[in-house]
Each structure stands twice: as C-alpha cells, then as structure tokens.
Amino acid sequence: MIELAIPDLSGNERKYLNECIDTTFVSTVGEFVKRFEKEVARKAGAAYGTVVSSGTDGLHMALTACGVGRNELVCIPAFTFIATANAVVHCGAEPWLIDIDEKSWTMDPELLERELAEKAYEKDGKLFHRGSGKRIAAVMPVYTMGMPADMDRIRDVTDKYHLPLVADAAAAIGAKYKGRNIGNLADATVFSFNGNKTITCGGGGAIVGDNERIIERAKHIATTARVGQDYDHDMVGYNYRMTNLQAAVGCAQIERLEEFVIKKHYISDYYKEHLKGIPGIAFFPETDWGESVCWFTGLVLDDTRNVREVCDRLADKEIQTKPFWKPVYMQKPYLHVEKSDMDVTEKIWRHILTLPVSTCLTEKQLESVVMAVKEIL
C-alpha cells in the first residue's frame with residue numbers, strides 16, 4: 001500500500017530516543033523539550049515558543065492566554081478539521097463559523113468584516129453579538145493545507161475591533177507569507193506535530209509568537225499553573241506538557257524541515273505536471289500572498305465524479321487516498337452554532353481528493369499513483 005501521509009524517521013530519531021532512555025529523562029523534563037521549543041520558535045520566525053501535548057491543546061491554551069472564556073464567541077472558518085472548533089469549546093466558548101475565500105480555502109476576510117459589521121455591536125470597548133449578546137473574544141483563521149490565510153487583511157479587521165488573533169497553523173510549519181516566516185503573523189500561532197504532519201513528534205504541538213506575555217501565560221496554564229519549586233498553584237491549570245521522548249523525535253525531525261518542505265513541493269509539482277489535462281479536474285489553490293507548505297496536495301473533481309468512489313478504486317490498486325474535511329457546521333456538536341452563508345464551502349468540500357504526500361515517497365511510487373489516477377479518471 002502506498003499510504004497517504006506517513007513520517008520519514010530516517011534521521012536522528014533513534015539516536016535521540018536512546019539518549020532519553022540512557023539518561024532516564026523520558027517524561028516532561030529534559031533537554032530535548034527545551035531544545036525543541038527554541039528550534040520551533042526559531043524556524044517559525046517567532047521570538048518565543050512553548051510546546052504542548054497536542055495541537056488541539058495548543059489552540060486551547062493560546063485562546064485561553066488571549067482571554068477567551070465561557071459564553072463567548074470565537075470566529076473560525078467553517079472549512080477546517082473539527083479540532084479547531086473543539087478547542088474553542090474547551091475554553092467554554094462557542095465557534096462563530098465564517099465561510100472561506102475560494103482562491104485560498106482560508107477564512108474570507110471581507111466576509112468576516114461584513115459579518116462583524118452587520119451582526120455585532122460595541123459596548124464599553126468590547127464587541128458583542130447582536131443575536132445572543134455574547135462577547136466576541138477572538139478570531140482564529142486556519143492555514144488550510146499549510147497555506148497561510150490573508151493575514152494582513154484579517155489583522156486589519158481584528159485591529160479595527162480590538163480582537164485577539166490566534167492562527168491555527170497546525171499543518172503549516174515551514175510555510176511563508178509574503179516571503180517571510182509565519183510564526184509572528186498572529187498574537188499566537190499554533191502548530192501540530194501529529195503523525196501525518198510535515199514534521200512529527202508522534203503527537204504534540206507548539207505555540208509561538210512575539211508576545212512574551214501570551215506565550216508565557218499559555219505555558220504556565222499548560223504546566224498545571226505551578227508557581228516555584230514547591231506544590232503551589234495560582235489557578236486551575238492543565239497538564240498539557242510535551243514529554244522529552246516526543247521532543248527528541250521532534251528535534252530530529254526539525255533538523256530536516258527544509259528538506260521535507262522541498263520534497264512536499266516536489267510532490268505537488270509532480271502531480272500537477274503529470275495529471276494536467278485530465279478533463280474535469282483542478283488542483284489545490286495558490287495565492288499571491290502565501291507559499292504553502294503543501295502538507296496535503298491532490299485534486300478537485302467536478303460534479304461528474306464521486307470522490308469516495310475514486311478513493312475506493314485507488315485502494316483496490318493499493319493506493320491510499322481520502323476525501324477531505326467535512327465542514328464544521330455539518331458535524332453533530334455544531335449543527336446550531338452561529339454561521340455566515342457557506343457558498344464557497346458548500347461548493348468545494350465534497351470534491352476534494354487528497355493524494356499520497358509522504359516525504360519518503362519514491363519516484364516509482366509517484367509514477368504508480370499518477371498511472372492509477374489517469375486510468376481511473
């Protein structure tokens with residue numbers, strides 16, 4: 001089976017894991033945790049960083065550190081993995097779903113601004129939703145497939161309304177925005193290191209940014225809100241710490257980040273070059289502001305084709321492919337949340353086919369994928 005997205009663990013992972021075992025530092029204290037925190041922040045172009053046990057936990061802590069609390073609203077895109085919405089609810093808040101921009105599949109800043117102008121009002125320096133009376137506490141765009149959102153335009157909106165801006169960059173480490181790194185485009189930016197991401201710790205996440213107060217507060221809450229060396233805690237915290245074992249794998253992976261990103265781009269370009277001209281398909285979007293890390297790449301099929309049927313036929317040829325995210329507003333926990341019109345999300349979500357993107361794919365495997373897709377389509 002040519003799998004969809006598996007990690008390349010052919011670097012220093014074994015060596016660093018053995019160091020953890022030899023020193024007995026396998027839990028949440030160790031040199032690899034400190035090293036990985038510094039390297040993630042540096043690679044992302046951010047001044048500060050902290051690592052946590054998952055990307056979802058990172059979003060929860062970033063939102064909490066930015067002041068999101070109970071019975072409040074956070075604007076997020078409708079087209080995202082459900083973890084984005086779940087992290088909002090973990091804060092006691094609710095998501096307000098905004099449709100995406102067709103040219104990037106990320107949050108539409110023009111629509112965001114219209115929704116806030118039409119459905120919100122300001123009082124005592126805060127922004128409230130007209131229908132529910134709930135405070136609007138933050139905006140959290142998602143860097144879909146590793147493509148940064150139109151952050152300058154979104155920042156214009158959040159600055160206008162004095163709203164914190166958190167970026168769900170789960171799959172976007174290594175991406176660029178207008179030629180620069182993405183770690184300081186928002187007040188806090190969150191990465192995931194799940195097993196299918198460009199670099200992995202097996203799990204884990206990170207929060208980075210240039211605002212020391214936000215990053216340190218997120219770190220404090222994520223480490224049981226402990227004060228000093230004794231068992232003193234100044235608030236209700238969480239045990240979201242990354243282990244030294246996870247960080248050891250992460251340190252080995254991040255040493256090869258640039259290599260992995262180059263390979264991701266190569267795979268994307270390979271598919272575009274060899275599959276162009278097939279009737280009824282399009283490729284994933286590109287923008288003039290961002291350079292995607294190409295976490296996933298694949299095809300957009302027209303109405304004459306069924307993505308699930310194509311996946312099943314490719315599976316028969318031992319090639320793993322998948323449809324992509326089912327929109328948040330169609331998920332059982334979020335059927336009745338506040339949302340904008342969903343013209344673009346409705347137009348695209350059923351038509352996305354993701355193709356194998358592992359950084360360890362061989363030329364022969366890429367050729368096999370292309371031949372199979374051509375035969376079926």
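Me: Why are D312 and R308 separated by about one helical turn?

Reply: An α-helix has 3.6 residues a turn, so residues three or four places apart point the same way. Here, D312 and R308 stand four residues apart in helix α10 (residues 307–316), which is why about one helical turn lies between them. Helices are DSSP runs of H or I with at least four residues, strands are runs of E with at least two, and both are numbered from the N terminus. Before we go on: this is a predicted model, where local features need pLDDT of at least 70 and side-chain atom pairs count only at pLDDT 80 or more, while totals for chains, interfaces and linings use all residues. Residues are numbered from 1 along each chain as its sequence is written, and side-chain values use heavy atoms, with hydrogens and water left out.

Me: What do the side chains of D312 and R308 meet in?

Reply: Side chains of opposite charge can pair when their charged atoms come close. D312 and R308 form a salt bridge of 3.7 Å, N to O. The term asks for a side-chain nitrogen of Lys or Arg within 4 Å of a carboxyl oxygen of Asp or Glu. D312 is partly exposed at 40% relative accessibility, and R308 is partly exposed at 44%. The cut-offs are these: buried is under 20% relative accessible area, exposed is over 50%, and partly exposed is in between, with a 1.4 Å probe and protein chains only.

Me: How many salt bridges does the structure hold?

Reply: There are 22. One of them joins K119 and E338, at 3.5 Å from N to O. This pair links distant parts of the chain, 219 residues apart: K119 is in helix α5, and E338 is in the loop between β17 and α11 (343–348). K119 is partly exposed, at 23%, and E338 is partly exposed too, at 24%. Another bridge runs from R155 to D187, with the closest N and O atoms 3.4 Å apart. That pair also links distant parts of the chain, with R155 in helix α6 and D187 in the loop between β9 and β10 (188–192), 32 residues apart. D187 counts as buried, at 19%.

Me: Which residues are linked in a network of salt bridges?

Reply: The network is made of E110, E113, R153 and K160. Let's look at E113, which sits in helix α5 (residues 109–119). Setting aside residues up to four places away in sequence, E113 touches R153, V157, K160 and Y161; contact means heavy atoms within 4.5 Å.

Me: Now for strands. What order does the open sheet of four strands have?

Reply: The order is β14-β16-β18-β17, with antiparallel pairing. The edges are β14 (281–283) and β17 (322–323); each has a single partner strand, so one side of each has no neighbour in the sheet. Two strands pair if DSSP finds at least two bridges between them. Strand β16 (residues 297–301) and strand β18 (residues 352–355) have four bridges, in the antiparallel sense.

Me: V300 is in strand β16. Is V300 buried or exposed?

Reply: V300 is buried, with a relative accessible area of 16%. Apart from neighbours within four places in sequence, V300 is in contact with residues including W105, I281, F283 and H351.

Me: How many of the residues of helix α8 are buried?

Reply: In helix α8 (residues 244–254), 10 of the 11 residues are buried, so the rest of the structure largely encloses this helix. Among them are A247, A248, V249 and G250. The cover over the buried residues of α8 includes α1, α2 (31–44) and α9 (257–275).

Me: One more thing to read, the backbone angles. Which residue has a positive phi of about 60° although it is not a glycine?

Reply: That is M145, in the loop between β6 (135–139) and α6 (151–161). M145 is buried, at 5%. A225 also has a positive phi, of about 55°, although it is not a glycine. You can find A225 in the loop between α7 (212–222) and β12 (226–227), and A225 is buried, at 0%.
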